[in-house]
Structures are given as C-alpha cells and as structure tokens.
Amino acid sequence: MPDGAVLFAPAEETYFGLNETGACIWENLAPVRTTIDEVCAEVVKRFPGAEPTQVREDVRQLIKELVEGGLVESS
C-alpha cells in the first residue's frame, strides 16, 4: 500500500495496520537489516526530517508491538 501496510497474524487471526513509517520499519527488519541501528538509519534516510532519537524510540516500540502480536520473533 502506498501509505502503509496491513499485516495479518494467522495464529491470533488479527490484522495489524501500519502507517508509512511503520511500513518502512517492517520492510527493513531482518533479514534485510540485522540491527536496530541499521533499521533506524533507513528510516531517517527515507524521512530526513525525522529526529533520530524519536526514530529509535518508535522502532523499538513497533518491534515490541509486533513481538507481542506474534508477527515477529525477538532475537
């Protein structure tokens, strides 16, 4: 989707909506990028006006929500 993404967690049969920033984070999770620093750098590259400290907080929060929703595994 041009302005975000919709994820489906089959185990819970729930949908998870992402805005454009969330979709960028999702697209850059492993195996595309292997560290949070790499994911954050890609988000800042795509959204140059974003504050790096806020980006890091947002990336961590989204990953936490994705883990809790069963959409990704923490490593």
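Visitor: Why is R56 called partly exposed?

Guide: This is a predicted model, and in it R56 has a relative accessible area of 28%. Buried would need under 20% and exposed over 50%, so R56, at 28%, falls in between and counts as partly exposed.

Visitor: What makes R56 and D37 a salt bridge?

Guide: Their side chains meet at 2.0 Å, N to O. The cut-off is a Lys or Arg nitrogen within 4 Å of an Asp or Glu carboxyl oxygen, so this pair passes.

Visitor: What makes E68 exposed but K64 partly exposed?

Guide: E68 comes out at 56% and K64 at 45%. The line for exposed is over 50%, so E68 is exposed, while K64 is partly exposed.

Visitor: Which other salt bridges are there to look at?

Guide: A search of the whole structure finds five. One of them joins the side chains of R33 and E42, at 3.4 Å, N to O. R33 is partly exposed, with a relative accessible area of 24%.

Visitor: How do you know that one face of α2 is the buried one?

Guide: Helix α2 covers residues 36–46, and its buried residues are V39, C40, E42 and V43. Looking down the axis, they fall within an arc of 160 degrees, so they line one face of the helix. The cover over these residues includes α1 (20–27) and α3 (52–68).

Visitor: Why is I25 called buried?

Guide: I25 sits in helix α1 and has 2% relative accessibility. Buried means under 20%, so I25 qualifies. Leaving out residues up to four places away in sequence, I25 touches V39, V43, D58, V59 and L62. Take D58: I25 and D58 are 33 residues apart in sequence, and their C-alpha atoms are 9.2 Å apart in space.

Visitor: What makes V55 buried?

Guide: V55 belongs to helix α3 and has a relative accessible area of 5%. The cut-off is under 20%, so V55 is buried. Beyond its neighbours within four places in sequence, V55 is in contact with C40, V43, V44 and A50. V55 and A41 are 14 residues apart in sequence, with 8.9 Å from C-alpha to C-alpha.

Visitor: What lines the largest pocket?

Guide: The largest pocket holds about 330 Å³ of space. Its lining includes L29, R33, V39, I63 and S75. By type, the lining residues divide into six nonpolar, four polar and two charged.

Note on methods. Residues numbered from 1 in each chain as written. Predicted model: local features only at pLDDT ≥ 70, side-chain atom pairs only at ≥ 80, totals over all residues. Heavy atoms only, no water. Buried < 20%, exposed > 50% of the residue type's maximum accessible area, 1.4 Å probe, protein only. Helix = DSSP H or I, 4+ residues; strand = E, 2+ residues; numbered from the N terminus. Arc of directions from axis to C-beta. Contact = heavy atoms within 4.5 Å. 1 Å grid on protein atoms, 1.4 Å probe; cavity = no way out; pocket = protein on both sides within 12 Å on 5 of 7 lines; lining within 4 Å. Points joined across faces, edges and corners; volume = space filled by probe spheres on them. Nonpolar A, V, L, I, M, F, W, Y, C, P; charged D, E, K, R; others polar.
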